[in-house]
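Colleague: Could you take a close look at one part of this model for me? I'd like to go through the charged side chains together.

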Amino acid sequence: MAVECRVATRGRPMARVGDRGVEAGLVSVPGMGQEGGASGRGRCVGRLTQAPREEGPSSGGQFGHPGTVAAGPVQVTAIQGDVTQAHEVAAAVAGAHVVIHTAGLVDVFGRASPETIYEVNVQGTKNVIEACVQTGTRFLVYTSSMEVVGPNIKGHPFYRGNEDTPYEAIHRHPYPCSKAQAERLVLEANGRKVHGGLSLVTCALRPTGIYGEGHQIMRDFYHQGLRLGGRLFRAIPASVEHSRVYVGNVAWMHVLVAQELEQRAALMGGQVYFCYDESPYKSYEDFNMEFLGPCGLRLVDTRLLVPYWLLMLLATLNALLQWLLRPLLLYAPLLNPYTLAVANTTFTVSTNKAQRHFGYKPLFSWEDSRTRTIRWVQAVEGSAP
Ligand SMILES: NC(=O)c1ccc[n+]([C@@H]2O[C@H](COP(=O)([O-])OP(=O)(O)OC[C@H]3O[C@@H](n4cnc5c(N)ncnc54)[C@H](O)[C@@H]3O)[C@@H](O)[C@H]2O)c1
Ligand SMILES: C[C@@H](CO)CCC[C@@H](C)[C@H]1CC[C@H]2[C@@H]3[C@H](O)C=C4C[C@@H](O)CC[C@]4(C)[C@H]3CC[C@]12C
């Protein structure tokens, strides 16, 4: 069985898994797990092949610099591409059995313009859907986001909700708006006829805040703590809980969906699934301390010193400064009115839909996820911020 996975992102690779396995296009294999990692300039398509082949450049794409990386029994071929370029996407997708579309521009800090965010997240997704239709690929898995649901602009809590929990999903920020639009396009494409006459089967996975190795914001907080003499300051009440999910489990859920979509098309087609695991519900800052604490940082409770109105004022000032400085330089701090609202609103997920529909169980326990993340933070120590 030739299982092939292509990984494509702008700067980094798309992925595939083939035959009865999975051939996935547009998976950014190394990238997942970096909240707010907003470069949007990666480009790559990767291809996983189960039977090891010769190392070296592959002929997987007509552009970019394809190269093959062996990952145990699976081989990933990277083909560089840009999801905003329809012809590049079609070239990467051609011949794939399943496309896992994770490429996206994750930006809640104002680094990219709203137009660029829409171009990558919405137009890029349209291109992926059209590429499946044109090339006859029948199975499409989309990496959506919890932000498609919330927190909404009214700051309503979402407490232990599942995929059917009623919630007013109203957004203004370009990132959640773009993810919501893209997810809708993917779900509406379910049942469309693809080249060859068969029907497209699609579904969307909605990770909550992903953590794990390569988590850029965790690295930023770690370096900030080191600069502040080993301390971080609590800004958000401990009672505001968030769901978080380990990157390895997010990846595992994608692989399972890609494997099961064909057999369970009637059940899974057009469905959404939150990505969840056994990570505990905690405030954003307390959760980060699960990893930063063992690396020598401590969280100082300054909530009484930094009341919410002051945080809001600082966040608004940051937004104003960003706007004023834009002609000269990019000022994009972590704190802005949107990130403050998200951090300050409870959003927790409690569901077993993925288990019921396709037998998902987390591959990594909370202990493993925690240990692996701590080891990664420790390895980051000493590296430049
Ligand atoms: N990080 C999170 O907490 C989180 C939570 C929910 C959903 N998501 C979603 O998961 C996916 C991966 O996010 P991530 O956190 O790994 O971010 P990331 O920035 O690390 O990865 C995004 C990848 O997309 C690629 N990309 C960007 N623009 C592209 C383009 N024009 N053409 C091709 N590739 C392009 C980047 O090179 C990068 O490899 C995104 O779709 C994101 O919306 C992330
Ligand atoms: C107020 C600060 C004091 O320390 C803390 C600011 C933290 C914020 C930068 C992050 C809090 C919640 C994060 C988001 C959430 O985890 C889910 C997301 C969904 C995903 O699709 C993209 C990333 C993100 C929006 C993530 C971004 C960073 C936070 C807003």
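Is Glu290 buried or exposed, and what is its relative accessible area?

Modeller: Glu290 is buried, with a relative accessible area of 16%; buried means under 20%, exposed over 50% and partly exposed in between, with a 1.4 Å probe and protein chains only. Please keep in mind that this is a predicted model, where local features need pLDDT of at least 70, side-chain atom pairs count only at pLDDT 80 or more, and totals for chains, interfaces and linings use all residues. Side-chain values use heavy atoms, without hydrogens and water, residues are numbered from 1 along each chain as its sequence is written, and chains are lettered from A and ligands numbered from 1 in the order in which they are written.

Now to the partners. Glu290 forms a salt bridge with Arg370, with 2.9 Å between the closest N and O atoms; the term means a side-chain nitrogen of Lys or Arg within 4 Å of a carboxyl oxygen of Asp or Glu. This pair joins distant parts of the chain, as Glu290 lies in helix 7 and Arg370 in helix 11 (residues 366-380), 80 residues apart. Helices here are DSSP runs of H or I with at least four residues, strands are E runs of at least two, and both are numbered from the N terminus. Arg370 is partly exposed at 28% relative accessibility. Glu290 also meets Lys282 in a salt bridge (2.9 Å, N to O), and Lys282 is partly exposed too, at 26%.

Helix 7 (residues 284-292) also holds Asp286, whose side chain meets that of Arg234 in a salt bridge (2.8 Å, N to O). Both Arg234 and Asp286 are buried.
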